[in-house]
Amino acid sequence: MTEIETYRREAGKLDMQAEPMILNIGPSHPATHATLRLIAELDGETILKLTPEFGYLHRCFEKESENATWTQVIPYTDRLNYVSSLMNNVGYVMAVEKLFGIEVTERCKYIRVLICELSRIIDHMVCIGANMVDIGALTNFWYFWKPREEVYMHLIEPLTGIRLTTQYTRIGGLQWDLPDGWVEKCRDICRDVIVPAIADVNALLTKNRIFIERTMGVGSITPKEAIARGFTGPCLRAAGVPLDLRKDETYLVYDRFDFDVPIGEQGDTCDRYMVRMEEMRQSLRIIEQALDQLPGGPVNVDDPRFLLPPKQEVYGNIEALMNHFKHIMDGIRVPAGEVYSATEAANGELGYYIVSKGGGGPYKIKVRPPCFPLFQGMPHLCEGGMLADLIAVLGSVNIIAGELDR
Amino acid sequence: MAEEKKSAVLEKLAGKFGDDIVATHSDFGDDTAQVRRERIVEICTFLRDDPGLLFDLAMDCTGVDYLGEEPRFEVVYHLYSIAKKHRVRIKARVPEEDPVIDSVIPVWAGMDWFEREAYDMYGIVFRNHPNLKRILMYEEFEGHPLRKDYPKARRQPTVGPKE
Amino acid sequence: MAVNRAKDGAAGFLTTRFEAILAWGRRFSIWPFTFATACCGIEVMGAFGTHYDVSRFGAEVIRFSPRQADMLLVAGTVNYKMAPILQRIYDQMLEPKWVVAMGACASSGGFYNNYSVVQGIDKFMPVDIYIPGCPPIPEQIIDSIVLIQKMIDTGAPRARERWPIKI
């Protein structure tokens, strides 16, 4: 392996006796995954100072949720991290269930694990695909897009009714149970589509000299700095810190599965890519084990405080009708209090801080987006590097604007 | 077992700071301590450096508007310890006529943008913040939108393309 | 588009042939500029992907420069901070241009009715095609391109020619 030099210049020592140039990598730019803005002060090609700006997709999730009932917030949560909407749904309902203090059924937990891991795989596929497009390797994007389409068409759409923004989970359970044949289809797709796709991209990139030279040593961060800046998720694990909420603060049924958590060394772009690829393989392991262990039984907790009664009873029975009416019009009654619940989303720790005053809707919901501190750390990752490295780092950090701006 | 471990965090805090910890609870499994806003930086430094606590990862900082209560705003911090695997929530009330609190950026550099967002959305001013500007809304926006008395669907005049 | 017309309003033989050739050329080379902000952007990527291949319809070249594009495909929510940028991009495009508002958010603000979201991009720019859905499936994007092709064929007036709409 040849020596790879990183041209890092100290800020303040200019290349030529001239003024630094301000370059606006504006909100509508193919590499910024839309709606991110970076204002770079350049000396030649070297970045002296980087100022990120965002807010171009601020859709007022928090204000909308204050005016909605508990169940009406679920569609708003899908649009946070829209490439893996199911994980946001699961995170939110877990937070509300923590306020209620209820345990969902076993089958529900297993199905939630399945959908979370599938979402994690497709999220990593978008991240790596888009990152590679920005660097110039377009083929990987197509190789990863095919499994995404398969998962959408054959798994998520039959399950939830829609491809992208799913609103599948409900407080106390799920919208409905798995359709017939879903389990076999899931196994088929994992084995026949996802595994070959990961193998193909691996063959194209991992030992590719151009890829290594573009990504190794680019945008590296030490573990101490990463922790100080609030990094979580694959970016923190790539820096060498073994934090994964599925193992450390295990939720749902993750403690029953046997899987590893990949850790990087340098915290650079190459490590982030490697960590994501390996996480996809580990997610496939979890999916296989979950499909093998999937129990039977109901998916919803049978509790009239939050479960909608079955339609036959609503049409036949006045109590069920009133129950249904109250749940839909006023919202379910959640106990007063405040709670913070975090899950390991594809990008890091997705936290929901919910303040309830006992009404039919939340008093306040704050989403702690995983990519907020990551984007905040961009100046640290990129200053001193070159402009082209900025693009590589931006793609590897996986900023999803829906989550960043809420 | 878990109960004792969790209260240990709050006990340590109460032991060190006494009256500055106004109230504590562990509802729903979350350790929470309400503190006086004047001591926030010392409390956070203690939480980060004390060898029994080691809260090195600052997760979140947000504001809450309790319209009708006095003091009106509350600044809420969520912290996590990677080594000890425990969490804590620190809250500090801030009155409406003087919504100022010290910034905790000297303790955790990652709190920078979270504080800017709390300023943008609620109007809480963080003293000694290096760059307290609006972050989510555009600069010419007036008001602090997440306050309870700001109507959801108020439209402000659009700002044309900049030079 | 300006066309040489004879004094009595009828187009001459040569100009109609020319128009037909122009329309044929335009119809099969509608190059989109994807202004993808949010979730609809992911479905746009799906439409341009291998399964719902939109380049079969001529929209092959996705140019990220408005000066080289024919069609502005606004996919996703546009908020007050982003609106001036979208306006600038629209102004930079050359005639003839078509605007497609994809998804509920671009058409009418979607289910976001608040202080930060523009309630539809037709508040400040003329829109030719509205695609409903949240998000719409990629087949609907293909449908919109086919509709634009029909508009070009029949010479129907574009929204820009009727802009601004005075109510």
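The exercises below, each with a worked solution, concern a predicted model.

In this predicted model, local features need pLDDT of at least 70 and side-chain atom pairs count only at pLDDT 80 or more, while totals for chains, interfaces and linings use all residues. Residues are numbered from 1 along each chain as its sequence is written, and chains are lettered from A and ligands numbered from 1 in the order in which they are written.

**Exercise 1. Determine how helices α6(A) and α11(A) pack, and which residues meet**.

Step 1. Helices (H or I, at least four residues) and strands (E, at least two) are DSSP runs, numbered from the N terminus. Helix α6 of chain A covers residues 182-205, and helix α11 of chain A covers residues 269-293.

Step 2. The two helices pack at an angle of about 165 degrees, with their axes 11 Å apart. Axes are lines fitted to C-alpha atoms, for helices over the stretch in contact, and angles run from 0 to 180 degrees between N-to-C directions.

Step 3. That angle makes α6(A) roughly antiparallel to α11(A). Angles under 35 degrees count as roughly parallel, over 145 as roughly antiparallel, 65 to 115 as roughly perpendicular and the rest as oblique.

Step 4. The crossing of α6(A) past α11(A) is left-handed (the near helix is turned anticlockwise from the far one by less than a right angle; clockwise would be right-handed).

Step 5. Residues of α6(A) in the contact include Val183(A), Cys186(A), Cys190(A) and Ile194(A). Among their counterparts in α11(A) are Met277(A), Met280(A), Leu284(A) and Leu291(A). Two residues are in contact if their C-beta atoms, placed from the backbone, lie within 7 Å.

Step 6. The residues of this contact of α6(A) with α11(A) comprise 11 nonpolar, 1 polar and 2 charged. Ala, Val, Leu, Ile, Met, Phe, Trp, Tyr, Cys and Pro count as nonpolar, Asp, Glu, Lys and Arg as charged, and the others, Gly among them, as polar.

**Exercise 2. Describe the sides of chain A that touch chain B and chain C**.

Step 1. For chains A and B, the contact takes 29 residues from chain A and 26 residues from chain B. Elements of chain A that give two or more residues to this side include α3 (85-100), β6 (337-345) and β7 (348-356). The largest share, 4 residues, comes from β7(A).

Step 2. By class, the side of chain A that touches chain B has 11 nonpolar, 7 polar and 11 charged residues.

Step 3. For chains A and C, 25 residues of chain A and 27 residues of chain C take part. At least two residues each come from α1 (61-66), α5 (139-160) and α17 (401-405) of chain A. Here α5(A) provides the largest share, 4 residues.

Step 4. The side of chain A that touches chain C divides into 12 nonpolar, 6 polar and 7 charged residues.

**Exercise 3. Work out the strand order of the open sheet in chain A and its edges**.

Step 1. This open sheet has 3 strands in the order β1-β2-β3, with antiparallel pairing. Two strands pair if DSSP finds at least two bridges between them.

Step 2. β1 (21-25) and β3 (46-53) of chain A each have a single partner strand, so one side of each is left without a neighbour in the sheet. From one strand to the next, the twist averages 20 degrees.

Step 3. β1(A) and strand β2 (residues 37-43) of chain A run antiparallel and are joined by 5 bridges. Met21(A) has Leu42(A) in β2(A) as its bridge partner.

**Exercise 4. Trace the open sheet of chain B and the helices that pack on it**.

Step 1. The order of the 5 strands is β1-β2-β5-β4-β3, and the pairing is mixed. The edge strands, β1 (21-25) and β3 (57-65) of chain B, each pair on one side only.

Step 2. Strands β4 (residues 73-80) and β5 (residues 87-94) of chain B pair in the antiparallel sense over 8 bridges. Phe73(B) stands opposite Val94(B) in β5(B).

Step 3. Helix α2 (residues 40-49) of chain B touches β2 (32-35), β4 and β5 of chain B, and its direction makes about 175 degrees with that of β5(B). Helix α3 (residues 112-122) of chain B touches β3 and β4 of chain B, and its direction makes about 10 degrees with that of β3(B).

Step 4. β1(B) and β2(B) run antiparallel, joined by 4 bridges. In their hairpin, which has 6 residues between the strands, Phe28(B) takes a positive phi near 60 degrees.
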